[in-house]
Structure formats: structure tokens, C-alpha cells
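Take a look at the chain shown here. This report walks through parts of its fold, one topic at a time.

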Amino acid sequence: MSKLVIVESPAKAKNIKGYLGKGYDVVASMGHVRDLPAARLSVDIKNDFEPKYAVIKGKENFVKELKKKADKADYVYLATDPDREGEAISWHLATLLGLDLKDKNRVTFNEITKNGVKNGMAAPRQIDIDLVDAQQARRILDRLIGYKLSPFISQKIRRGLSAGRVQSVALRLIVDRENEIRAFKAEEYWSIDAKFTNPPERKVFSASLSTKGGEKIKIENKEQSDSVLSDLDGASYVVKSVKKGSRKKNPTPPFITSTLQQEASRRLSFQARRTMKAAQELYEGVEAGELGTVGLITYMRTDSLRISEEARAAGNEFITETYGEKYLPKKPRYFKSKSNIQDGHEAIRPSMPKVTPEQVKPYLTNDQFKIYKLVWERFIASLMESCLQETMKIEIEAGEYIFTATGYTVKFDGFTKLYEEKVDDEKSDSASPLPPLKEGDELKLKSILGNQHFTQPPARYTEASLTKALEENGVGRPSTYVTITSTILNREYVKREGKQFVPTELGEAVTNLLKDKMPNIVNVKYTSKMEADLDKIDSGEKNYKDMIRLYYDDFEKPLEKAKEEMQGVKIKLKEEETDEVCEKCGRKMVIKVGRFGKFLACPGYPECKNTKPLIFRTKAKCPECGGDVIEKKTKRGSSFYGCSNYPKCNFMTWDAPSDEVCPRCGKSLFKRKGNVLYCPDTEGCGFTKPAPRKKKTEE
């Protein structure tokens, strides 16, 4: 019998074909094959929000060939990704191919390994219509909001803008945080910090002033600090109390999509798109030497913390063999997923726990290795015994003043032998043990200082902290966070400063307009409730058309009211001035945005209507004629570089020019792949050298 298996990606198709062998034809759909056409709304509002799907442009021939294959096959298996989006793709495929939706032709693979594929093929089921409806509800609502609201804000602010169900909330969080920072007023405070020894011990330890007369002390300025230091001049310091205790530090759960993105950002400075690209490759399968072509991690879009007992047993066996039985907890540890998780998939884990990162390092790209190492260590650590610490708190008396010192020692390292999670704004937690002390010990003062501090404003959002905030507030889904951050960056609503997101004037204008006229769209609690209600479609608790009808009604009425109230109103943004002088009237030209992108215009319009292309000049000179090398853009937004004297000079390159010149011939050096600077005069010179490495920032 011939069997057709349809997956989403070519890489996965190749690997699955290797496991299934003869009798199976495995083809890739390359993602969605049918969708709402972008040229129009494609939702019939009057006909109960009926979606008008069509084959995606450019995939017509593929669908024809797929139909031929399906007609010839004895059986068709729909093996798209094991999530809501994958379920919808299978439904669209079944509809296009004329398959019976009651047939058990849907298979899923949590991992692309021999066992993972075998287990998936052994358990075919019907397409889950509730999951499909959940995807349709989100898709239709997003289309309605995006296509109805985007033209409104474009008309009122600037051409080409967009708004969305989740992106607008994410932008509001960033704008609100910026407003908090602007409103913040730093307050001065002082601490009194001392260093002591306990003769005859030589070890120096630190303590800070905490109370005076039994009340917590607050020192607001230098005068108060100096007064306290004066009181303590010549004082004796005696240990008032020693409190010993113990604490247990438990490992963090294995990764879900959002926590993987956050940890990769904090630990590796990876943007979410980069993280997910490497994770996708690891899931779909890589050539790994003696292991063959194999998926090294389980499916990377998941909200679940569940792990299979088979994986747990393999991980436990590795821990016992590598670290010893004491590193394995006596009672297995189970992590509880949130109640509103999307699907019952496993957490992100290595598909073969015994395969260490070092074993497969020679076969992986740098990014793949870093992500696999992160996933593998986090999973193995989650199965290990807790870290045990002995704590000590000491109170030191100096008259009516009390100093405190805390410290801890590690009694048993447990999971920290392998891995510890990084956290945002991590404070130093000194593991230095305090010297042996007992009540009544007289201490020797080594130094005492008053130190000035200022309260700090809240930190701006990074990609990691924004993802965390969206997840905690129940806004959007981990699989959509990459798209959200990309959109608000591409629309120039925010910009990056290092790792931080800073709203632009445009971003603030969009948020302020929506807060004023469409408050529900940027209301975190409202959007969270919408997300929770949409989740109920997954389980069949709610009908997806009812949900769309309810939320569209909430959306349409304020939008129509806003359009009426703002007839003829245009929000004016401050224009970015350049050093380019208008040759017609002498004013400094400004950057404007038109139908075809940015351009230079005279601010004297309509008296002066002079415009010209916006050119980004580099410091490099053309190697052929000596003209300026300028940056240009393709229609898709990719950068390339050419001579400003075009068309007289046809010099063009994809390689970025540098600020350096060739030490041999004096021509500008360019940078090519491999981080190499080279002289473009290859015939007469041919000079090359390694490019200087930049300091590590957000990649």
C-alpha cells in the first residue's frame, strides 16, 4: 500500500521519510496552504463572520500536485505540527484534498526520533475541530481588528501604520513604563556599612546598620549619616545574637516556549527569533554522526511542563550514572502547568536525555549547540536533588545601634552542580560564609563608611521581560511573541537601546490615540479576558462564532464613534530634521514617510515643494571612481551598497563598508562573511585582515 504523509517543513519531511522507509511518500506543505487573502478583509461580517479562505498565492501548482498524490495514495496522513496552528493546517489540507473529517488521519510527533515517529503513526486520530475553531477565532478576530483599526490610525497619524489585538497591548506596556520612568523622582538615602574581624580570626566580613533603639533606621542625607558615624566613634561592637538555619533551593521546571526565549535572551543575548530558529532546527532534525539524522529536542511551541515517564527514567539514569544516587531526589518532582495551557504537549526537553551537548557539538552550528545545551541542562537539572544551604544571621550591637550580617554556605550543591536560572536584575547573593561567631564575642572594627544611594526608576522592558509580562498577564501566546516584538520594531513604534525597548514619538502617539478612543484594545485585563475566553473554544466550552460576535460588537461601536469624533483631525508628529540643506530655499530638510518609504522634504511646504531621496552616506569611498559609497535598500528592505555617482559608476556590493582604509593602497576596506575585512582592489592589492570584534551586546 502507498501512504502519503504531509508535514510542514522539508527538513522534517526528509527525516521522517528516513524513519518510515518504503511505502511512504512524505511531502512538506511549507506551512499554511490556505488562508484569508491579504488584499481584502476576507471575512463576511453580514454572513455571521464567515471566513473566505483561498489557496495562498504561489501555492496553486503545489496544491494541484498534492491532490494528484493524494488521489493515488491508499491512505493520507496529516502530520503537521502538534499545536493549534498545525491542527488548522491539517484541516485546510483535508478540505482541499476532499478527505473525510471523520477519518482518523491526523498524526502528531512530539519528537522527530525513530520512537517518536513510530508512536505518532501508531496513534492516528480525527482532526480536533475545537482546536481548529480556536485557531479560526483568533485569525478572524485579528483580521477584523487589524484591517478595521489600522486604516483609522494611519489616517489620523501617518500612512502605513498598524494596530492589533496583542501588539497594541505590548506597545502600551512599553509606553506606560516609559511614562513611569519620566515621572520617577529619585530619592536620596544613605547606608552605614562596616567591616569586622573576630580576633584571633583574620577573616573580614561585612555588616550594615539596620536599627536604632529597636526601630528600623532611615538615613536621608549626609548630615544624618555623619551624625550616626559621630555617635559610633569609639563604640565597641559585640555579637548580640547568632541565628543559624537551613534552606532548600529547588530547580526550575524544564522550558516552555516563553521561558526558553527569556533565558536565551538573559544568558546568550539571543533575540527570540534567533532562539526559535535554532530550536526549530533541533526539533526537525540534524545530522549527528553515529546517531544519524535525528531531532534532538521535543516540539518547541508548548505551554506544558509535563514530561513523559520514559524521558524521566532516561534522565534519572543519566544523573545516577554521572553524578551518583545522592543527586537524585528520593521522591520524583512533578511541575504543575498553568490551568489555561494551550495543549497537552510535553515541556521542551532533549529527545534523548543521555545525549550530552558535548557529544553532538561537532555536528551543530554555534546557535544550535548553545540552545541544545540550555535545553539539556535545564531538563536534567529539573530532575536533580535540591540544593541545601546553611544560613547564618548575625546581629552586632553598638550601644543603641544594631548591625546585621547574613551569609550562607552550600551544604549540598544538588542541581546547581549543573545549572542555575538567571533572573532579570539579578542581585549579588554572596555565598561567602561568615566566620564562626557566638553570642558575646567582641569584634574588631576594620572600617566604617556612610554610602550615598539613590532610588532607581523601574527598568525599561527588554525582549525577555516583555515576554514575561505578556505571559504573566495572559496576553497573547508564546508562539506569537516573536511576531509581536518584530512588528512593533518594524513599524518604528519602539527602538532598541542595547537590550531595552524605548518607545518612539510615533509609538506613543499610536498608544495615546488608542487609549483615548479605543480603550479596550490597549486594556491588559480586557485582552487577557479575551484570551481566556478564546482558550475555552479549545475545550469545546464556547462556540467560536459566538466569541467573534461578542468581541466584534465591543470593537465596532467605539471605532465608529472615534471616526465620527475625529473627522478632519490629524495628529502631527515632530519631524526629524537633517543636515541636508534645501537648495531651493535654504531650510534644513526633514525626513517624511510616504507611500514608498522615507524621503527628504523641505519643511517649507507648500511654499517650497522640494523633495529628494533619503540617502545614507557611509564613510567609505568608491574603489572605482572615488565617489561616496551610499547605503541602498532592495524592495524587501535588505541593504546593499553602491556608488553615489550611479549611473556613471556601476559599483555595487552586498558587503558593508568599514571606516578603515587599506594600508597598502589606501582604498576603503569592506567586510565580508567570516568577519574579514578586505580590499576590493583584488587584482592590484588583495589585502585582507580579521575585522575587529565588537563588544558583546544584544545580538
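## A parallel sheet and its helix

Valine 5 has tyrosine 77 in E7 as its bridge partner. The model is predicted. Strand E1 covers residues 3-7. E1 and E7 pair in the parallel sense, over four bridges. Together with E2, these strands form an open sheet of three strands. The order is E2-E1-E7, and the pairing is parallel. Strand E2 (24-28) and strand E7 (75-78) are the edge strands, and each pairs on one side only. On average, neighbouring strands of this sheet are turned by 20° against each other, direction ignored.

Helix H1 (residues 10-20) packs on the sheet and touches E1 and E2. The direction of H1 makes about 170° with that of E2. Which residues of H1 are buried? They are Lys12, Ala13, Asn15, Ile16 and Leu20. The cover over the buried residues of H1 includes E1 and E2. It also includes helix H4 (114-121), helix H9 (272-284) and strand E13 (293-294). After H1 comes glycine 21, with a positive phi near 75°.

Is serine 225 buried or exposed? Serine 225 counts as buried, because its relative accessibility is 0% and the cut-off for buried is under 20%. Serine 225 lies in helix H7, residues 222-232. Leaving out residues up to four places away in sequence, serine 225 touches Trp190, Ile192, Ile219 and Gly450.

Lysine 67 lies in helix H2, residues 60-72. Its relative accessibility is 36%, so lysine 67 counts as partly exposed. Leaving aside neighbours within four places in sequence, lysine 67 is in contact with Leu96 and Leu97. Lysine 67 and leucine 97 are 30 residues apart in sequence. In space, their C-alpha atoms are 5.7 Å apart.

Most residues other than glycine have a negative phi, and most peptide bonds are trans. Some places in this chain depart from that pattern. A cis peptide bond joins proline 199 and proline 200, with omega about 5°. Proline 200 sits in the loop between E8 and E9. Another cis bond runs from tyrosine 646 to proline 647, with omega near 10°. Proline 647 is in the loop between strand E25 (639-643) and strand E26 (652-653).

Methionine 30 is not a glycine, yet its phi is positive, about 60°. Methionine 30 lies in the loop between E2 and strand E3 (34-35). Methionine 30 counts as exposed because its relative accessible area is 54%, and exposed means over 50%. Glutamate 492 also has a positive phi, near 65°. Glutamate 492 is in the loop between helix H14 (481-490) and strand E17 (494-497). At 31% relative accessibility, glutamate 492 counts as partly exposed.

## A cavity inside

Rolling a probe the size of a water molecule over the atoms shows where empty space is left. How many cavities of 30 Å³ or more does the count give? The count comes to one. The largest cavity has a volume of about 30 Å³.

Six names make up the lining of the largest cavity: Arg165, Asn520, Ile521, Tyr526, Thr527 and Met530. The lining residues divide into three nonpolar, two polar and one charged.

## The whole chain

The protein chain has 17 helices and 30 strands. Its C-alpha trace spans about 90 × 75 × 70 Å along its principal axes. The chain has 699 residues, and 46% of them count as buried.

How values were computed. Residues are numbered from 1 along each chain as its sequence is written. This is a predicted model: local features need pLDDT of at least 70, side-chain atom pairs count only at pLDDT 80 or more; totals for chains, interfaces and linings use all residues. Side-chain values use heavy atoms; hydrogens and water are left out. Two strands pair if DSSP finds at least two bridges between them. Helices (H or I, at least four residues) and strands (E, at least two) are DSSP runs, numbered from the N terminus. Axes are lines fitted to C-alpha atoms, for helices over the stretch in contact, and angles run from 0 to 180 degrees between N-to-C directions. Contact means heavy atoms within 4.5 Å. On a 1 Å grid over the protein atoms alone, a cavity is a set of points where a 1.4 Å probe fits but cannot get out, and a pocket is an open set with protein on both sides within 12 Å along at least five of seven lines; lining residues have an atom within 4 Å of a point. Grid points are joined across faces, edges and corners, and a volume is the space filled by probe spheres set on the points. Ala, Val, Leu, Ile, Met, Phe, Trp, Tyr, Cys and Pro count as nonpolar, Asp, Glu, Lys and Arg as charged, and the others, Gly among them, as polar. Buried means under 20% relative accessible area, exposed over 50%, partly exposed in between (1.4 Å probe, protein chains only).
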